[in-house]
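Hello,

Here is the structure I promised to pass on. My notes follow below it.

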Amino acid sequence: MAADITLYEIGVASGASVSPFVWRIKFCLDRKGIPYRSKLVGLSDVRTLFDGRFETCPIIDFGDSQLNESLAIADRLDELYPDRPAIFSGPAEREMIGFFDQWLTYSVLIAGILPVYTLDAHDCATPKDQDYYRESREAFFGQTLEEIVADRKERVHDLRRALEPVRQTIATQPFIGGEEPNFADMCMLGLFIFVGTIGSLPLLAADDPLIDYADRGFAAFPSETGSLALKLSEKPQ
Ligand SMILES: N[C@@H](CCC(=O)N[C@@H](CS)C(=O)NCC(=O)O)C(=O)O
């Protein structure tokens, strides 16, 4: 099957692709060796695409059909390309990943990352997206962006603690997925790319083993990550 795929990604003012959910799909496409076109859009453009059928990116356009939601896209890629390396090794792993996605979204992203980095995300966005970002996120949190991040220097320590399950897991194996990164690792790496691109406060302490874990993960997807310049830790670069 010839690939004619466009991936809609969230871009910021610098031109970087920053959505952690989009990055999951970039890794999946890389894993499967499927070429694709990238189309960077602003957060505030998402609802103008495809007659407003989708509220979030990633959106993948296969030419004759379109789909959003990162897990649904990963499932579809496994269905469409069964002869390429699988994203999910089987139903049991897929179901556990459903839990992992919920943990990461609620306990790490919403409870930990946004209270530290939401103003950074705003500041990196294009002017048009800044207005949309402020309005939508302030409505969600019921606070101004400045209030949300007011105590972020303390909150970053809570966030580092929240990542302890990943730290403990990679103490005895290279990746959450074992010897090779699986979709859970792709989710983690996507979050690291988001924070390492937009963040003005290092997520990881200089001696955090998650630094090597992230480097190992990025090295597994060199064509996607080779040109990234991330600031993820307090370690001097
Ligand atoms: N559950 C979705 C979450 C995707 C998501 O939240 N994407 C954000 C960008 S990081 C988005 O497009 N937001 C649109 C908006 O804020 O209007 C997935 O896994 O794809």
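Phe50 is partly exposed, because 13 other C-beta atoms lie within 10 Å. The scale is this: buried means 20 or more other C-beta atoms within 10 Å of the residue's own, exposed means 12 or fewer, and partly exposed is in between, with C-beta atoms placed from the backbone. Asp51 is exposed, with 7 other C-beta atoms within 10 Å. Phe50 lies in the loop between strand 2 and strand 3. Asp51 is found in that loop too. Phi of Phe50 is near 50°, a positive value in a residue other than glycine. Phi of Asp51 is also positive, near 55°. Pro58 sits in the loop between strand 2 and strand 3 (59-61) as well. The peptide bond from Cys57 to Pro58 is cis, with omega near 10°. For context, most residues other than glycine have a negative phi, and most peptide bonds are trans.

Two points on the source. This is a predicted model: local features need pLDDT of at least 70, side-chain atom pairs count only at pLDDT 80 or more, and totals for chains, interfaces and linings use all residues. Residues are numbered from 1 along each chain as its sequence is written.

Now the overall picture. The protein chain has 10 helices and four strands. Helices (H or I, at least four residues) and strands (E, at least two) are DSSP runs, numbered from the N terminus. The order along the sequence is β-α-β-β-β-α-α-α-α-α-α-α-α-α. The C-alpha trace spans about 50 × 45 × 30 Å along its principal axes. Buried residues make up 37% of the 237 residues.

Next, the strands. Strand 1 (residues 6-10) and strand 2 (residues 37-41) run parallel, joined by five bridges. Strands count as paired if DSSP finds at least two bridges between them. Ile10 stands opposite Val41 in strand 2. The chain gets from strand 1 to strand 2 through helix 1 (residues 20-32), and this β-α-β crossover is right-handed. Right-handed means that, with the strands pointing away from the viewer, the path from the first strand over the helix to the second runs clockwise. Tyr8 has Lys39 in strand 2 as its bridge partner. Strand 1 also pairs with strand 3, in the antiparallel sense, over three bridges. There, Thr6 is partnered with Asp61. Four of the five residues of strand 1 are buried.

Which residues are around the ligand? They are Ile10, Ser19, Phe21, Leu43, Val46, Thr56, Cys57, Pro58, Glu69, Ser70 and Ser136. The criterion is a C-beta atom, placed from the backbone, within 6 Å of the molecule. By class, the shell has six nonpolar, four polar and one charged residues. Nonpolar covers Ala, Val, Leu, Ile, Met, Phe, Trp, Tyr, Cys and Pro; charged covers Asp, Glu, Lys and Arg; the others, Gly among them, are polar.

Last, Leu204. Its place is in the loop between helix 8 (183-198) and helix 9 (210-219). Leu204 is buried, with 23 other C-beta atoms within 10 Å. Leu204 and Ser233 are 29 residues apart in sequence, yet 4.4 Å apart in space, C-alpha to C-alpha.

Best wishes
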